[in-house]
Amino acid sequence: MIAFLVCSMTHIGYANTSPTIEQNKTITGTVVSAEDNMGIPGVNVIIKGTSTGSVTDFDGNYSISVPNNSATLIFSYVGYVSQEVNIANNSTVNVTLESDIAALDEVVVVVVVVVVVVV
């Protein structure tokens, strides 16, 4: 009887004490421009709410490891409107970025004219 109690007590409190291992999945895709449907190199791909990210290659392709509980990727590039995309259960997320017309209005061109007079 004592052996039974000792064996039973060794298992009390040990249910669900193993550490939870967070599973990651890889998301891949291509980021293209809406104007010419060409890949955009150097686009930042960030997991929303973190500092974890990736950058598109020369052809606009990217790959990023995302925890299963991360639901949104942010795509940003200078001169384009940033876009947030819910990844849901997808393993491939392709994005088309639109030009940011407002950013183009803010471009300032400075012309410097130097006149040298020789006497």
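## Overall architecture

From the N terminus on, the elements of the chain follow the order α-β-β-β-β-β-β-β-α, which comes to two helices and seven strands; here helices (H or I, at least four residues) and strands (E, at least two) are DSSP runs, numbered from the N terminus. The model is a predicted one, in which local features need pLDDT of at least 70 and side-chain atom pairs count only at pLDDT 80 or more, while totals for chains, interfaces and linings use all residues. Residues are numbered from 1 along each chain as its sequence is written, and side-chain values use heavy atoms, with hydrogens and water left out.

Of the 119 residues in the chain, 22% are buried, where buried means under 20% relative accessible area, exposed over 50%, and partly exposed in between (1.4 Å probe, protein chains only). The accessible surface of the chain is about 8800 Å², and 59% of this surface belongs to carbon and sulfur atoms; the areas come from the Shrake-Rupley method with a 1.4 Å probe, and for residues only the protein chains shown count as cover. Among contacts (heavy atoms within 4.5 Å) between residues at least 6 apart in sequence, 51% join residues at least 24 apart.

The pairing can be followed strand by strand. β2 and β3 pair in the antiparallel sense over three bridges, with V45 opposite S54 in β3, and these two strands form a hairpin with five residues between them, in whose turn G49 has a positive phi of about 85°. Towards β5, β2 pairs over four bridges, again in the antiparallel sense; V45 stands opposite F75 in β5, and I46 stands opposite I74. I74 in turn has E84 in β6 as a bridge partner, and T72 stands opposite N86 in β6. Antiparallel β5 and β6 are joined by four bridges and form a hairpin with six residues between them, where G79 in the turn has a positive phi of about 90°.

## The three-stranded sheet

A further open sheet, of three strands, has the order β4-β1-β7 and mixed pairing. Its edge strands are β4 and β7, each of which pairs on one side only, and the twist averages 35° from one strand to the next. Seven bridges join β1 to β4, the two running antiparallel, and I27 stands opposite I64 in β4.

## The nonpolar core

In soluble globular proteins, nonpolar side chains tend to be buried together. A nonpolar core is here a set of buried Ala, Val, Leu, Ile, Met, Phe, Trp, Tyr and Cys residues joined through side-chain atoms within 4.5 Å. The largest such core has 17 residues, of which Y62, L73 and F75 touch the most other members. Two or more residues each come from β1 (24–33), β2 (44–47), β4 (61–67), β5 (72–76) and β7 (95–97), and β4 gives the most, with three residues.

Leaving aside neighbours within four places in sequence, Y62 is in contact with I27, T28, G29, T30, V31, V45, T56, L73, F75 and V93. Within β2, V45 and I47 form a covered face, whereas N44 and I46 form an uncovered one.

## The surroundings of T56

T56 lies in the loop between β3 (53–55) and β4, and is buried, with a relative accessible area of 5%. Beyond neighbours within four places in sequence, T56 is in contact with V31, I40, P41, G42, V43, V45, N61 and Y62.

Two of these residues are also reached through polar contacts of the T56 side chain, a polar contact being a pair of N or O atoms within 3.5 Å, of which, within protein, one must be able to donate a hydrogen and the other to accept it, with residues adjacent in sequence counted only if both atoms are side-chain atoms. A polar atom of this side chain lies 2.9 Å from the backbone nitrogen of G42, and the T56 side chain reaches the backbone nitrogen of V43 at 2.8 Å.

Note on methods
Two strands pair if DSSP finds at least two bridges between them. Axes are lines fitted to C-alpha atoms, for helices over the stretch in contact, and angles run from 0 to 180 degrees between N-to-C directions.
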